Every structure is written in C-alpha cells, then in structure tokens.
Amino acid sequence: QVQLVESGGGLVQPGGSLRLSCAASGFTFMTYHVSWYRQAPGKERELVAGIRSGGTTINYADSVKGRFTISRDNAKNTVYLQMNSLKPEDTAVYYCNAKGALFTNRDQVYWGQGTQVTVSS
C-alpha cells in the first residue's frame with residue numbers, strides 16, 4: 001500500500017522555524033522525484049520546493065528561497081522541509097508529492113494527506 005505521511009506541522013510565531021517530514025512506504029522511494037506543495041485558503045496549490053531522485057537537483061519557489069531547505073534521506077524513505085524565518089503568508093496546508101523518475105514509473109504520482117502550518121503571533 002502506497003503511503004506518504006507528513007508530520008511536523010503546527011502553530012509557530014513569525015520568525016520561527018518548523019521542520020516537516022514526509023515518510024514514504026509502498027514504493028521504491030529512491031526512484032521518485034519528491035516535492036513539497038502548499039495550499040492556503042482560497043488559493044491554488046503551489047510548488048514550494050522539489051528535489052530530484054538523485055538528490056543533486058533542487059528547486060525552490062522564489063517566495064521561500066533562502067528560508068526553506070528541502071532534503072531527502074533515501075535510506076529512510078523520507079523527505080524533509082526545513083522552514084526558517086517563517087512569515088504569516090507561509091500559512092497553508094503542506095503536501096508531500098512523489099513522481100516517478102524512471103521510464104517505467106513516470107506516470108505514477110502520489111500525494112500525502114497534508115499537514116497544517118500556521119504562522120501567527
């Protein structure tokens with residue numbers, strides 16, 4: 001059974017930090033690109049950060065560059081999102097996404113259930 005389980009969300013004050021984790025199971029994690037998306041109330045889901053299967057290529061949304069860091073541990077089947085200097089506009093539900101990186105799994109896309117991040121004083 002394929003699962004992506006996010007954790008680490010919560011309420012934090014502006015300027016604070018959180019570390020999100022996404023634990024994968026049921027598929028060969030290392031052959032998937034993984035990304036973090038977020039969706040704020042009334043807004044479309046947007047890409048926050050992505051890391052390719054080999055871990056050597058990373059991209060970030062302009063709004064989080066210099067504040068967020070994505071990383072992955074293929075031995076633990078886990079992807080992380082370290083979020084520093086959080087702002088109220090970072091408030092959203094954060095979702096983990098995995099997309100196949102090989103010819104044989106390129107059509108496979110998985111989503112986690114999301115974890116709420118609220119930045120407020």
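Predicted model: local features only at pLDDT ≥ 70, side-chain atom pairs only at ≥ 80, totals over all residues.
Local features were considered at pLDDT of at least 70 and side-chain atom pairs only at pLDDT 80 or more, whereas totals for chains, interfaces and linings use all residues. Residues are numbered from 1 along each chain as its sequence is written, and side-chain values use heavy atoms, with hydrogens and water left out.

The protein contains eleven strands and zero helices. Strands (E, at least two residues) and helices (H or I, at least four residues) are DSSP runs, numbered from the N terminus. The order along the sequence is β-β-β-β-β-β-β-β-β-β-β. The C-alpha trace spans about 45 × 25 × 25 Å along its principal axes. A compact globule of 121 residues would have a radius of gyration near 14 Å, and the protein, at 14 Å, agrees. This radius is taken over C-alpha atoms, and the globule rule is 2.2 Å times the number of residues to the power 0.38. The accessible surface comes to about 6,400 Å², with 48% belonging to carbon and sulfur atoms; areas come from the Shrake-Rupley method with a 1.4 Å probe, and for residues only the protein chains shown count as cover. Of the 121 residues, 42% are buried. Buried means under 20% relative accessible area, exposed over 50%, and partly exposed in between (1.4 Å probe, protein chains only).

In soluble globular proteins, nonpolar side chains tend to be buried together. Here the largest nonpolar core holds 30 residues. Such a core is a set of buried Ala, Val, Leu, Ile, Met, Phe, Trp, Tyr and Cys residues joined through side-chain atoms within 4.5 Å. W36, V79, L81, M83 and Y94 touch the most other members. Two or more core residues come from each of β3 (18–25), β4 (32–39), β5 (46–51), β7 (68–73), β8 (78–83), β9 (92–100) and β11 (115–119).

Strand β8 is mostly covered, with five of its six residues buried. It is joined to β3 by six bridges, and the two strands run antiparallel. Strands count as paired if DSSP finds at least two bridges between them. S21 has Y80 of β8 as its bridge partner. Six bridges also join β8 to β7, again antiparallel. There, L81 of β8 stands opposite I70. The β7–β8 hairpin has four residues between its strands, and N77 takes a positive phi near 55°. Leaving aside residues up to four places away in sequence, V79 touches L20, S21, C22, F29, V34, W36, I51, I70, S71, R72 and C96.

Two of these V79 contacts, C22 and C96, form a disulfide with an S to S distance of 2.2 Å. The structure holds one disulfide, defined as a pair of cysteine sulfur atoms within 2.5 Å. The torsion about the S-S bond of C22 and C96 is about -85°, so the disulfide is left-handed. C22 lies in β3 and C96 in β9, 74 residues apart, and the pair thus links distant parts of the chain. Both cysteines are buried.

V2 is partly exposed, with a relative accessible area of 32%. Its C-alpha atom is separated by 4.2 Å from that of G26, 24 residues apart along the chain. Beyond four places in sequence, V2 touches S25, G26, F27 and Y110.

Conventions: Contact = heavy atoms within 4.5 Å.
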